[in-house]
Amino acid sequence: MFSSQDQLAQDPSAIDMFITGSNFTEWFTSYVDNVVTGEYSIIRDQIFRYVHDKRCVATTGDITVSVSTSFLPELSSVHPPHFFFTYRIRYCINPHTLF
């Protein structure tokens, strides 16, 4: 569960949260599984929660492009609805390509 920017509201009942699991154990187990299996990238000892959909890969000739997304609840808000995402775009050139 992540607090939204709406926590700055004057009325505590107006505070909204982004729920990312039905309970902590489910969320934590899923998070660890994504780290261990390599679904979440680790760059310079920092975990990035990028979700890679295997359908988001395209190859043209010798160049392959893939896209991953990451929802950032800490920068998002429910009221007004502003949802912040980051994207990771990877370009790979076939190593056997001659230039």
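Strand 5 (residues 51–60) and strand 6 (residues 63–71) run antiparallel and are joined by six bridges, where strands are DSSP runs of E of at least two residues, helices are runs of H or I of at least four, and both are numbered from the N terminus; two strands count as paired if DSSP finds at least two bridges between them. The model is a predicted one, in which local features need pLDDT of at least 70 and side-chain atom pairs count only at pLDDT 80 or more, whereas totals for chains, interfaces and linings use all residues. Residues are numbered from 1 along each chain as its sequence is written, and side-chain values use heavy atoms, with hydrogens and water left out.

The chain holds one helix and seven strands, arranged from the N terminus on in the order β-β-α-β-β-β-β-β. Of its 99 residues, 15% are buried (under 20% relative accessible area; exposed means over 50% and partly exposed in between, with a 1.4 Å probe and protein chains only).

In the hairpin of strand 5 and strand 6, two residues lie between the strands, and G61 adopts a positive phi near 60 degrees. Within this pair of strands, T59 is placed opposite T64 of strand 6. Strand 6 also pairs with strand 7, in the antiparallel sense and over nine bridges, and here V67 faces I89 of strand 7.

S70, a residue of strand 6, counts as buried because its relative accessibility is 3%. The side chain of S70 reaches the backbone oxygen of R49 at 3.2 Å, a polar contact (a pair of N or O atoms within 3.5 Å; within protein, one must be able to donate a hydrogen and the other to accept it, and residues adjacent in sequence count only if both atoms are side-chain atoms). The side chain of R49 is in turn joined to that of E74 by a polar contact of 3.4 Å. E74 belongs to the loop between strand 6 and strand 7 and is partly exposed, since its relative accessible area is 38%. Although E74 and F84 are 10 residues apart in sequence, their C-alpha atoms are 8.6 Å apart in space; for L75 and F85, likewise 10 residues apart along the chain, the C-alpha separation is 8.8 Å.

F85 lies in strand 7 and counts as partly exposed because its relative accessibility is 38%. Together with I63, F83, Y87, I89, Y91 and I93, F85 forms a nonpolar patch on the surface, with about 780 Å² of accessible area in total (by the Shrake-Rupley method with a 1.4 Å probe; for residues, only the protein chains shown count as cover). Patches consist of residues with over 30% relative accessible area and no salt bridge, like charges being joined within 9 Å and nonpolar side chains (Val, Leu, Ile, Met, Phe, Trp, Tyr) within 5 Å; a salt bridge is a side-chain nitrogen of Lys or Arg within 4 Å of a carboxyl oxygen of Asp or Glu. Strand 7 (residues 85–93) gives the most to this patch, with five residues. Y91, also found in strand 7, counts as exposed because its relative accessibility is 60%.

Helix 1 (residues 24–36) contains 13 residues and reaches 18 Å from its first C-alpha to its last, close to the 18 Å expected at 1.5 Å a residue (1.5 Å times one less than the number of residues). Helix 1 is followed by G38, whose phi is positive, near 85 degrees.
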